[in-house]
Protein chains: 2
Amino acid sequence: MKLSKKSEYGLRALLEFTLVHGKGTLQRHQIATRQHIPVEFLEQILLALKRAGLLSSRRGMKGGYALIKSPGEITLGQVIRILDGPLAPIGCVSKTAYQKCRDCPYAEHAQCPVQHVMGSVRDAIAGILDHYTLDDFASGHRKG
Amino acid sequence: MKLSKKSEYGLRALLEFTLVHGKGTLQRHQIATRQHIPVEFLEQILLALKRAGLLSSRRGMKGGYALIKSPGEITLGQVIRILDGPLAPIGCVSKTAYQKCRDCPYAEHAQCPVQHVMGSVRDAIAGILDHYTLDDFASGHRKG
DNA sequence: GCAAATCTTGACTGACTCACTCGGAATTAT
DNA sequence: ATAATTCCGAGTGAGTCAGTCAAGATTTGC
């Protein structure tokens, strides 16, 4: 039930991109100083987001990163799945990364009580995070 | 965003107590074999639940553990907080174990976007888990 | 009283994850 | 060429997870 620093930093970094969207690129150190994130750790995160198709980048002088999609198309759920893995509290209720639960005395899919309640927890979490875009995120910021 | 084995085993153990509620006590090895839980690990869990006031115990032959409260009074939220700590995905939105977030560039309580969205995630999780009792848990089991 | 069964306590462990950190290679602008 | 940047892989120290183990305390049955 915990958000890693990696995801938290990733979200805060993407917030910076949202705030400057349309106005060019950002470099690691800019994001790092604005958001107080260790720069080498931030790097890993930006790279992961790039590999996942959310960011583009250019090397060398005047290089940097930029958002590929518009902030309204990117949800926090996507970002957290990229950086932290599945949202579900337990593998056997994940929709994006289902895993059969081993050593559970209950049948495959049927009537496991843990599975039942954790399924609704997963749906509640995903219901929020998969409908919350970076735009919402940034305006939650501005409005407070 | 993950439920530990400790909590999962704890919930499955309490399910056994719920099923036999009113009919005496259960011993470690009974629960362990019925729920496929390593017995020494289960022991730690039962002890923690005892210290937290959910179970009573008696030593020696014919000993065992028993529920103190009725299953309708115990919520999954309580149990998971005992075994896994706070439900909130991040310390600064926990209601039972608030912790000021360090190195966050946003002011103490105000307009941090991460805090904002994670606050609603916390409320969604707690909204389910703090209203789901062991009775609900067991009937989810019976009904499927 | 003695042995057996049970809970109780505390320490220990191996594997793994988290949050970084570092070194160096590749690319681009001046 | 040089400086600035991204890219990539590996390393690391602290901590957590999921158990395991050994020894002690308490109760029951004989």
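In the hairpin of S1(A) and S2(A), which has 5 residues between the strands, Gly60(A) adopts a positive phi near 75°. Helices (H or I, at least four residues) and strands (E, at least two) are DSSP runs, numbered from the N terminus. This is a predicted model, in which local features need pLDDT of at least 70, side-chain atom pairs count only at pLDDT 80 or more, and totals for chains, interfaces and linings use all residues. Residues are numbered from 1 along each chain as its sequence is written, while chains are lettered from A and ligands numbered from 1 in the order in which they are written.

**The hairpin of chain A**

- Strand S1 (residues 55–58) of chain A pairs with S2(A) in the antiparallel sense over 4 bridges; two strands pair if DSSP finds at least two bridges between them.
- Across the pairing, Ser57(A) stands opposite Tyr65(A), and Ser56(A) has Ala66(A) as its bridge partner.
- In a regular strand the side chains alternate between the two faces of the sheet.

**Chain A as a whole**

- Chain A holds 6 helices and 2 strands, and from the N terminus on its elements run α-α-α-β-β-α-α-α.
- Along the principal axes, the C-alpha atoms of chain A fill a box of roughly 60 × 30 × 25 Å.
- Of its 144 residues, 36% count as buried.
- Among contacts in chain A between residues at least 6 apart in sequence, 59% join residues at least 24 apart; two residues are in contact if their C-beta atoms, placed from the backbone, lie within 7 Å.

**Helix H1 of chain A**

- H1(A) has 15 residues and reaches 21 Å from its first C-alpha to its last, close to the 21 Å expected at 1.5 Å a residue; the expected span is 1.5 Å times one less than the number of residues.
- This helix is mostly covered, with 11 of its 15 residues buried.
- Among the buried residues of H1(A) are Tyr9(A), Leu11(A), Arg12(A), Leu14(A) and Phe17(A).

**How the two chains meet**

- The contact takes 36 residues from chain A and 36 residues from chain B.
- On the side of chain A that touches chain B, H5(A) gives the most, with 11 residues.
- By class, that side has 22 nonpolar, 8 polar and 6 charged residues. Ala, Val, Leu, Ile, Met, Phe, Trp, Tyr, Cys and Pro count as nonpolar, Asp, Glu, Lys and Arg as charged, and the others, Gly among them, as polar.

**Around the DNA**

- Of the 24 residues around DNA strand C, Ser4(A), Pro38(A), Gly60(A), Met61(A) and Gln27(B) come nearest.
- Each supplying at least two residues of the surface near DNA strand C are helix H1 (5–19) and helix H3 (39–51) of chain A, together with helix H3 (39–51) and strand S2 (64–67) of chain B.
- The surface near DNA strand C divides into 6 nonpolar, 8 polar and 10 charged residues.
- DNA strand D is surrounded by 24 residues, the closest being Gln27(A), Ser57(A), Ser4(B), Pro38(B) and Gly60(B).
- Near DNA strand D, the classes are 6 nonpolar, 8 polar and 10 charged.

Methods:
Near = placed C-beta within 6 Å. Buried ≥ 20, exposed ≤ 12 C-beta atoms within 10 Å, placed from the backbone.
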